[in-house]
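Please consider the structure shown below together with its sequence.

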Amino acid sequence: MKHSRITVVGIGSGAAEDITPAVAQALGRADVVVGYKYYFQFIRTLLRPDARCVDTGMKGERRRAEQAFQLAGEGLDVCVISSGDAGIYGMAPLMLQMKHETGSGVEIDVLPGISAFQKAASLLGAPIGHDLCIISLSDLMTTWPVIERRIRAAVAGDFVTAVYNPRSHERYWQLHRLRELFLSGRSESTPVGMVRQAGREEQTVTVTTLGAFNPDDADMFTVVLIGNSQSFLSGDKIVTPRGYYREMADGEKTVGQQIMNESFRTIESELASPDIPLDRKWPLLHAIHTTADFEMERLLTLSDGAVSRMYEALSSGSVRTVITDVTMAAAGIRKGAAARMGVEIKCYLHDERVAELAVRENITRTQAGIRLAVAEHPEALYVFGNAPTALTELCMLIARGKARPAGVIAAPVGFVHVEESKQMLKPFRNIPHIIIEGRKGGSNVAATLTNAVLTFDDAPALYAGRDV
C-alpha cells in the first residue's frame, strides 16, 4: 500500500520551460492533481493519461486542501498545485497549517517554483539585486491598515518592493495609495516595472518611473516591481546594484571607495529634496559628505548648468588649469582625477613674486596671487575656499575684462567681507559658478566641489570614490 503523501508544488508562471524538473517529476507520477482549473492547461502534457484533475474553483483554497487530504488518505499520490511558488501566497502554508490543526498523519512535501516576482524581475533586467520585500494588496485576509503599515515600512527601509494583487475592479484605489506612500520617501525617478501575464502568451512588459507610473495600467495579472533609492534605468532594463563598486584601473577596489559610495547613498536618502537635477545633486552630495551639514541644501547656489559646463571645459581640453586661492584647497583636490583629465592644479600664494606685489600694491598675499594667476591663466577654473579678498580681486578683474574664467567655485569662509565677495560674483551670469552662501565654506568645501566637477562623469551612477 502506498504511503499517504501530498506533494505541494509551484508550477511557475505558466511557461513550460519555467517548471522545475523536480516539479515535473512529481506531476508525472501523480494519481491526482488538485488545484484551480485555470492552471491545469499549463501542466496537462506532464501528467499521466489516467491522472485526474480535481478543480475546487477560485477562492476554494480550504476546500482544495480538505479534498487533497481525503484523496491522500485513500492511498493516492496527490499533487496540489499553485502558480509561481507554492510557499508564496500559495497552498503550502494552508496545507501545513491544516496538517498541524488536524494532526493528520499524511506526509507533505513542498517543491519550490519560480515565483511571479522572480519571472517578472528577469524580464525587467535585474531589479531585485538587493534587499527586497513582497506585499500583496489583497485585503481579503489582511486588513488595509496592516497592509499600509507594511508599505510604509518598505518605503522607510528602502526595500525593492514587489507588489502582488495590485488592482481589481473592487480594489481600484489601493495601488494609487501605495504610489502616494512611495513618493513620500522615494524619488520620482525611481524605476518601476510592470509585467502582466509573465511567462504566458499574453505577456507584456512595461518600464517606467514612479513619477510617471499609472496604477490604472495594472490588473490582477500584473506584478509591479518598484526599485530602491539606488536602482536605475539602463535602456529598457532596471538595475539595482548589489553593493559592488566601480573598480580601480588596476582591477582593485579599496575600503575607502566602498565607504565613500555608501556615504553618498546615505546622504541621498536623507535629502529633504532628493528629486533634483544631477548637476545640483552631485556637488551637493560632495558638500554634505565633507561637512556633514545638511544646511548645504539651502546654502549651495549654482548658475544654470554650472557643473556640466565646467566639466566640459576641462574634459574637452579647452581649459587645462585650476587655480586655488590657498594651498590647502589645492591639497584637497584629487590628483588622480586631475591627472586623468590632464589638468594642472596651481596656487600662486607662495610664488616669489607675491610678497613683493602685495607690499607694493598694499593688498593681501592671496589678492596678489590671484592677480598674477589671471595674468597668466585668465581662462582657468578658479577655486576659493579661504580668502574673500582673493575672490573680490577676481571679480574686479572680470569686471575690467581682464579675466574670463571657465568657472568659479566660491566658498570662502569667515566673518569679514565673506558674504559680500560671494554676492560680487553673481552678476556675471555668463560665467558658470558654484557658491556656498553666507559665512560658511572653507578650503575643504572648495576642494570637494572641485572634485565634483572633475568626476561629473561618475555622477549618473553615484560612484563617488573612483580616485580615493
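What follows is a guided reading of a few loops and helices.

The structure is a predicted model, in which local features need pLDDT of at least 70 and side-chain atom pairs count only at pLDDT 80 or more, while totals for chains, interfaces and linings use all residues. Residues are numbered from 1 along each chain as its sequence is written, and side-chain values use heavy atoms, with hydrogens and water left out.

Most residues other than glycine have a negative phi. Q197, although not a glycine, has a positive phi of about 50 degrees. Q197 lies in the loop that joins strand 9 (191-196) to strand 10 (204-209); helices (H or I, at least four residues) and strands (E, at least two) are DSSP runs, numbered from the N terminus. H417 also has a positive phi, near 65 degrees, and is a residue other than glycine. Its place is the loop between strand 18 (407-410) and helix 16 (418-425).

Are these residues buried or exposed? Q197 is buried because its relative accessible area is 5%, buried meaning under 20%, exposed over 50% and partly exposed in between (1.4 Å probe, protein chains only). H417, at 47% relative accessibility, therefore counts as partly exposed.

Another loop residue is S115, situated between strand 5 (107-111) and helix 4 (116-124). With a relative accessible area of 1%, S115 is buried. Apart from neighbours within four places in sequence, S115 is in contact (heavy atoms within 4.5 Å) with G84, D85, I88 and Y164.

Q67 belongs to helix 2 (residues 61-73). Q67 is buried, since its relative accessible area is 18%. When residues up to four places away in sequence are not counted, Q67 touches V54 and T56. The C-alpha atoms of Q67 and V34 are separated by 7.9 Å, and the two residues are 33 residues apart along the chain.

Helix 5 (residues 144-156) packs with helix 6 (residues 174-183) at an angle of about 30 degrees, their axes being 9 Å apart; axes are lines fitted to C-alpha atoms, for helices over the stretch in contact, and angles run from 0 to 180 degrees between N-to-C directions. Helix 5 is therefore roughly parallel to helix 6, a term for angles under 35 degrees. The contact is made by W144, E148, I151, R152, A154 and V155 of helix 5 and by Q174, R177, L178, L181 and F182 of helix 6.

How values were computed
Angles under 35 degrees count as roughly parallel, over 145 as roughly antiparallel, 65 to 115 as roughly perpendicular and the rest as oblique.
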